[in-house]
Structures are given as structure tokens and as C-alpha cells.
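These are my notebook entries on a structure that I had not examined before. I set down what I looked up, entry by entry.

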Amino acid sequence: MESDHPRISYRELVDATDGFSEVNLIGKGGYGHVYKGVLREGIVVAVKVLHQDHASEVISGSFVRECRVLRSIRHRNLIRVVTACSTPDFKAVVLPFMPNGNLDSLVHGPPGGDLDLLLSIASDVAEGVAYLHHHAPVKVVHCDLKPSNVLLDGDMTAIVSDFGISKLVKDATSSSITRLLQGSVGYIAPGKQYTRLFLCSDLPPE
């Protein structure tokens, strides 16, 4: 990571999360678990720990990809990285803690949700994705945009997170689009052409 990110050790993350206790487990994903932690400075963070039962190249690839994307983007509606910790046997990304959970919990929570709030969240997500597609230093395709990856901060501002399978698009005219079609079952559009439009709206049609 770049010098403006604090250095943090595995031991510090163990202490911050009480040994990665189940009590502090706040999320599960395909590649890892997320734990709430408190650093020595009193800063509350979310620690995304990658699974060790995957092939090492999968772990390394997802970790490196997420770090590359997070240190390249700056937007109020995209998650920022606090720091990262990497050893041969352990890889974790440290992120700001979001006290209001995620959009999935809000949508599937008690009925009677605030329509204005949902519209505001949708606008926040659209702003973040527009930045990724059109204004970031390197164009990024998220590849796994779904409610559980939309976090809500203390002001209920939507923050797009989880860039573990995202793609950096270096050549917008490339015809090799199928490699971009990744994501969670149920959130990938059923038609190839529609999926390409949804994930790569900045790319011209063939």
C-alpha cells in the first residue's frame, strides 16, 4: 500500500477483533469474512479477512485486485481503504466501519421503508458507478453490484463496496467482453447483450 496508509500487523488485527471472534463477525462473502474491530487509537474498522481454504492464487488475485482498485478511486459513494495486511498465510483489507449495515438488511427489514431514503440510496449508487465507468483514473467494472455490497454510513449515505472480483478496463474498445461477466447468481442479467450493457455501459456495441 502507499505511504499514506498506516502500517498494521496481523497481531494488531487479532487484538482489534478479539481474535476474529464470532461476536465481531458482521459479514460473510464468497472469498472471506468481515469482522468489526477497534484499533488501538480507538478507530472502529471493518476487517475483511480472505479465506485460506481457497487456492492461494485466487486469494492473492482477489486481494491484489481489491487493493489496486481501492487505492485508485476517490469518491464519496465508494468505499475507501484504511490499510491492508498481507503475509504468506494471511491477507486482510481494513475498511471504515459502516454503522447502518447494508442495503440488503434495509430492504428485507421491517415493512414501511422510507421511499425518499431508498431513492437517495439509488442516486448514491448511481453516482458511484458513474464515477467508476466514466471519471475514475482507470475505468472499473464492479462485476458484483448487489444490495449486500451497498453499505450505509452514519448519515445513511450509500457506499459501494467489495471490489474483489472487479475489473480494471484499460482498453474501452476491446472486444474481449465475456471475461467481464462475473458476479453473484441472481444479480447477473440473463441475456448476454443486456449484461454487457449493465456492466459496461461505457463500451460501444459490436
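**Entry 1**

I began with strand β3, residues 44–50, which is mostly covered, with six of its seven residues buried. I take helices (H or I, at least four residues) and strands (E, at least two) as DSSP runs numbered from the N terminus. I call a residue buried under 20% relative accessible area, exposed over 50% and partly exposed in between, with a 1.4 Å probe and protein chains only.

I note here that the model is predicted: local features need pLDDT of at least 70, side-chain atom pairs count only at pLDDT 80 or more, and totals for chains, interfaces and linings use all residues. Residues are numbered from 1 along each chain as its sequence is written, and side-chain values use heavy atoms, with hydrogens and water left out.

Which strands are joined to β3? I found that β2 (residues 32–38) runs antiparallel to β3 and is joined to it by seven bridges. Strand β5 also runs antiparallel to β3, and five bridges join these two. Two strands count as paired if DSSP finds at least two bridges between them.

I then followed the chain from β2 to β3. The two strands form a hairpin with five residues between them, and G42 in the turn has a positive phi of about 85°.

**Entry 2**

In what order do the strands lie? I read an open sheet of five strands, β1-β2-β3-β5-β4, with antiparallel pairing. Strands β1 and β4 (83–87) are the edges, as each pairs on one side only. From one strand to the next the twist averages 20°; for such angles, axes are lines fitted to C-alpha atoms, for helices over the stretch in contact, and angles run from 0 to 180 degrees between N-to-C directions.

I also looked at the β4 side of the sheet. β4 and β5 pair in the antiparallel sense over five bridges, and S86 stands opposite K91 in β5.

**Entry 1**

Which of them are buried and which exposed? T17 has 0% relative accessibility and so counts as buried. D18 counts as exposed because its relative accessibility is 57%. F20, at 17%, counts as buried.

D18 has a positive phi of about 55° although it is not a glycine. F20, likewise not a glycine, has a positive phi of about 55°.

What does T17 touch? Leaving out residues up to four places away in sequence, I listed N24, Y35, K36, G37 and V47. Contact means heavy atoms within 4.5 Å.

**Entry 2: Aromatic rings**

I counted four aromatic pairs in the structure. Rings of Phe, Tyr and Trp (its six-membered ring) pair if their centres lie within 6.5 Å; planes under 30 degrees apart count as stacked, over 60 as edge-to-face and the rest as tilted. Why is the pair of Y10 and F90 edge-to-face? Their ring centres are 4.7 Å apart and their planes stand at 75°, so the pair falls into that class. This pair links distant parts of the chain, since Y10 is in helix α1 (residues 10–16) and F90 in strand β5 (residues 90–96), 80 residues apart.

Y10 counts as partly exposed at 39% relative accessibility, whereas F90 counts as buried at 8%. Y10, F20, Y35 and F90 form one aromatic cluster.

**Entry 3: Nonpolar cores**

A nonpolar core is a set of buried Ala, Val, Leu, Ile, Met, Phe, Trp, Tyr and Cys residues joined through side-chain atoms within 4.5 Å. Which members of the largest core touch the most others? Of its 29 residues, I found these to be L70, I73, I79 and F163. At least two residues each come from α2 (56–70), β5, α4 (115–135), β7 (150–152) and β8 (158–160). Helix α4 gives the most to this core, with five residues.

Another core, of 16 residues, lies apart from it and has L25, V45, V49 and V82 among its members.
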